[in-house]
Amino acid sequence: MAFHTFGGRFVAGLALTGFMLAAAGCQSSDNGILNLGFGKKDPTAPPPPQDPKILASQLTAYCPKVTVRDGTAFFNTYVKDVQKPKPRVKKTGDAAQDAAAQAAADAAAATPPDDSARIIYQASISDVTRDCGRADGQLTMKIAVAGKVVPGPKFAPGTITMPIRTAVMHGTDVLYSQIHQYQVQVTDPSVATQFVFTDSNIVVPAPTAPDYQAYAGYDETVPKATTSKPKKTHRKKAATTN
């Protein structure tokens, strides 16, 4: 009877131990401390799916971001420099001394004046935004540029013309680029004049991926004027016949 009782306790103990191990195995994360084989990847299982491709709805809603490049957020206008006559130094008769004095006078005359004191207006861009639409396989954009014009030390009431360029690029390919001579009337020297410029004529091919980049900013590049004159055509006189 004692053996039977011990055996019953032994069997019950094994059953309880087995249950605890099974529970521990089910809760194990297979962190290497208790390696019971749970949670291991099946080598025959298919690989997880890759990142999903861009949906057509996402591409339709895509509108390229507008960036103001470094160096294109400010535009200053200055008074014209007055051409001063070339300084002449009184000669002493010593050729070397006279040459050195003349060189020093020329260098002093060539030193540019303080630009900050010559500013008429200083314009700056404070914000940019855009709006997009799609039709017939093309992307239409509106780029808006907001900024202000601050009168400078040489302020004079009048109109300031600001060269604002808008552009859309795909990598190194220029899809659209245009300089706009935008004018702002400035009359009050005590306050800044706010302005908003909008380019509503941007049309480029519809993108197949979200990889377009739009730009806006001041561009003082002046297109070179065409100096070549049209060639004159000389007509040959017809031979006269008697």
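**Exercise 1.** In what order do the four strands of the open sheet with mixed pairing stand?

Solution. The model is predicted: local features need pLDDT of at least 70, side-chain atom pairs count only at pLDDT 80 or more, and totals for chains, interfaces and linings use all residues. Residues are numbered from 1 along each chain as its sequence is written, and side-chain values use heavy atoms, without hydrogens and water.

Step 1: Strands are DSSP runs of E of at least two residues, and helices are runs of H or I of at least four, both numbered from the N terminus. Two strands pair if DSSP finds at least two bridges between them.
Step 2: The order is 1-8-5-6.
Step 3: Strand 1 (66-67) and strand 6 (173-186) are the edge strands, each pairing on one side only.
Step 4: Two bridges join strand 1 to strand 8 (residues 213-218) in the parallel sense; Thr-67 has Tyr-215 as its bridge partner in strand 8.

**Exercise 2.** Find the strand order of the open antiparallel sheet.

Solution.
Step 1: This sheet runs 2-3-4-7.
Step 2: Strand 2 (74-78) and strand 7 (193-205) each have a single partner strand, so one side of each lacks a neighbour in the sheet.
Step 3: Strand 4 (residues 138-151) and strand 7 are joined by eleven bridges, and Gly-147 is partnered with Phe-195 of strand 7.

**Exercise 3.** Locate the disulfide (a pair of cysteine sulfur atoms within 2.5 Å).

Solution.
Step 1: Cys-63 and Cys-132 form it, with sulfur atoms 1.9 Å apart.
Step 2: Cys-63 lies in the loop between helix 2 (56-60) and strand 1, and Cys-132 in strand 3 (residues 119-135), 69 residues apart.
Step 3: The link is right-handed, with 70° about the S-S bond.
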